[in-house]
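I am opening my notebook to look at how one chain folds. Keep the picture open beside you and follow along.

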Amino acid sequence: MQRGFIDRAFRRLSHGLMLVGGLGIIVMMGNITLDVVLKVFWNAPIQGTVEISSYYYMVAIVMLPMALVEYDDEQISVDLLFNHFPDWLQRISLLITFFATAAILSVMTWRTGLDAVRAFKVGEVVMGSREIIVWPARCMLPLGFGLASVAALLRAVLLVQGKPVTKLHDTESAA
């Protein structure tokens, strides 16, 4: 299947963010492991490990791959009735779902974007074992929600063009 420029560009961007999220898992594992080793053997834990894990690593792991999860139809879905609908009703249901998803994610983008701007203006920090700057991590939420919203809209466009947009179509064509 020939892929368009927008599809390739969006896929490249979302794969890149997914890799950064995956890298977050590896860095978090290394940070926590080193923290435990230093604490057990030298009684010198890494200050701020819990805060950095909570505000940076975990947010990156969840939010950065969100666009790819939506675009590749990898989110959890329940299609108990959907599979029994006629093709035209499935298409309408998917179109409504994509627009509703994009709308809800857009509201979440807007709201978390306002929070990110506020955090930037005040230079938000958290106090734990030491003071940790957290305002940069606030930017990952609107980024993840916004790109997932774009992914839902792109899936709607693909659906209108008659291209497969669900894993169900992929498995049917493979059989």
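How do α1 and α2 run, roughly parallel or roughly antiparallel to each other? I first noted that this is a predicted model, where local features need pLDDT of at least 70, side-chain atom pairs count only at pLDDT 80 or more, and totals for chains, interfaces and linings use all residues. Residues are numbered from 1 along each chain as its sequence is written, and side-chain values use heavy atoms, with hydrogens and water left out.

**Entry 1: α1 and α2**

I looked up the angle between α1 and α2 and found about 160°, with the axes 8 Å apart. Axes here are lines fitted to C-alpha atoms, for helices over the stretch in contact, and angles run from 0 to 180 degrees between N-to-C directions. The two helices are therefore roughly antiparallel (angles over 145 degrees count as such, and those under 35 as roughly parallel). Helices are DSSP runs of H or I with at least four residues, strands are E runs of at least two, and both are numbered from the N terminus. I then listed contacts (heavy atoms within 4.5 Å): residues of α1 including G21, G24 and I25 meet residues of α2 including T49, I52 and S53.

**Entry 2: α2 and α5**

Next I checked α2 against α5, whose axes come within 10 Å and cross at roughly 5°. That makes α2 roughly parallel to α5. Y55, Y56, V59, A60 and M63 of α2 make the contact with M140, L141, G144 and F145 of α5.

**Entry 3: α4**

Among the buried residues of α4 are Q90, L94 and F98 (buried means under 20% relative accessible area, exposed over 50%, partly exposed in between, with a 1.4 Å probe and protein chains only). Their cover includes α3 and α5.

**Entry 4: G123**

After α4 I came to G123, whose phi is positive, near 65°. G123 sits in the loop between α4 and β1 and is partly exposed, at 32% relative accessible area.

**Entry 5: the core**

Which residues touch the most other members of the largest nonpolar core? They are F10, Y71, L94, F98, M140 and V165, out of 23 residues. Such a core is a set of buried Ala, Val, Leu, Ile, Met, Phe, Trp, Tyr and Cys residues joined through side-chain atoms within 4.5 Å. Its largest share, nine residues, comes from α5.

Methods
Parallel < 35°, antiparallel > 145°, perpendicular 65-115°, else oblique.
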